[in-house]
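Biologist: Could you walk me through this one before I get lost in it? I'd like to start with the helices and then look at a single strand residue.

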Amino acid sequence: MNDVKLAVLGSDGVGKSALIVRFLTRRFIGEYASSTECIYRKRLSVDGRQLNLELYDPCPQPCDGKTSLNEQMHWADGFVVVYDISDRSSFLTATAIVHLIRELHLGVTKRDVDSVVFLVGNKQDLCHMREVSREEGQRLAAENSCQFYELSAAEHYQEVALMFSKVVRNASLNGKSKDRRRPSGSKSMAKLINNVFGKRRKSV
Ligand SMILES: Nc1nc2c(ncn2[C@@H]2O[C@H](COP(=O)(O)OP(=O)(O)OP(=O)(O)O)[C@@H](O)[C@H]2O)c(=O)[nH]1
């Protein structure tokens with residue numbers, strides 16, 4: 001059984017939890033408790049292989065630079081970097097995160113990094129409030145050899161599932177032995193359960 005570990009990164013409110021919950025449960029529930037970071041776990045089958053997937057959803061805070069990202073780089077096999085197409089500042093944060101990932105790729109080959117960093121412009125349903133063009137997202141992805149998706153956790157289950165399936169598949173193919181320390185403060189499925197049942201909570 002392979003383990004695949006993904007970190008879902010981006011600034012507050014871009015829809016990281018919404019994307020993860022959508023992928024894991026098919027549901028979009030509107031509000032997500034978000035005071036702590038956590039790790040969601042799921043067993044899934046990709047190309048006939050059983051995988052144990054762990055998805056890391058950090059607590060809401062600005063990306064605090066290289067130390068934290070370095071820790072996540074050590075832990076994760078792949079990255080989903082999310083911004084909100086209706087919020088330019090979130091795109092700037094995503095740009096900084098992508099650049100840090102490139103900078104800190106810690107000896108993995110270029111090809112490895114190329115296939116496991118996905119840039120996602122979320123909230124495509126808010127295109128009437130768009131502040132980041134699709135072309136800007138595509139350009140950032142191309143310049144940093146990331147895969148690019150624009151989608152909506154609110155409206156696009158199939159696209160969300162496809163995106164996660166692809167990054168999981170690529171990460172599982174690139175799986176390498178790593179220092180498997182968790183990002184500090186990691187939690188459990190409890191957050192997901194609370195989210196799905198709509199409870200607000202301060203901790204899990
Ligand atoms: N219109 C729209 N709203 C969305 C979408 N995805 C998430 N949201 C909303 O955006 C808000 C923030 O979503 P979260 O999933 O909590 O975002 P997050 O990135 O996990 O935020 P933090 O936990 O604060 O880091 C919530 O009100 C969601 O309902 C989307 O695709 N479209």
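Modeller: A term first: buried means under 20% relative accessible area, exposed over 50%, and partly exposed in between, with a 1.4 Å probe and protein chains only. Helices (H or I, at least four residues) and strands (E, at least two) are DSSP runs, numbered from the N terminus. This is a predicted model, in which local features need pLDDT of at least 70, side-chain atom pairs count only at pLDDT 80 or more, and totals for chains, interfaces and linings use all residues. Residues are numbered from 1 along each chain as its sequence is written, and side-chain values use heavy atoms, with hydrogens and water left out.

Biologist: OK, how many residues of helix α1 are buried?

Modeller: Nine of the ten residues in α1 (residues 16-25) are buried, so the helix is largely enclosed by the rest of the structure. The buried ones are K16, S17, A18, L19, I20, V21, R22, F23 and L24. Just after α1, R26 takes a positive phi of about 70°.

Biologist: And at what angle do α1 and α6 cross?

Modeller: The axes of α1 and α6 (residues 157-173) cross at roughly 90° and come within 9 Å; axes are lines fitted to C-alpha atoms, for helices over the stretch in contact, and angles run from 0 to 180 degrees between N-to-C directions. The two helices are therefore roughly perpendicular, given that angles under 35 degrees count as roughly parallel, over 145 as roughly antiparallel, 65 to 115 as roughly perpendicular and the rest as oblique.

Biologist: Which residues make that contact?

Modeller: From α1 there are L19, I20, R22 and F23, and from α6 Y157, V160, A161, F164 and S165, where contact means heavy atoms within 4.5 Å.

Biologist: Switching topic, where is V81, and is it buried or exposed?

Modeller: V81 lies in strand β4 (residues 78-84) and is buried, with a relative accessible area of 0%.

Biologist: What is V81 in contact with, leaving aside its neighbours within four places in sequence?

Modeller: Its partners are L9, A94, I97, V98, I101, V117, F118, L119 and V120. Among these, L9 belongs to strand β1 (residues 2-9) and is also buried, at 4% relative accessibility. L9 and V80 are 71 residues apart in sequence, yet their C-alpha atoms are 6.1 Å apart in space.

Biologist: Last one, how do α3 and α5 pack?

Modeller: Helix α3 (residues 88-103) and helix α5 (residues 134-143) pack at an angle of about 10°, with axes 11 Å apart, and are therefore roughly parallel.
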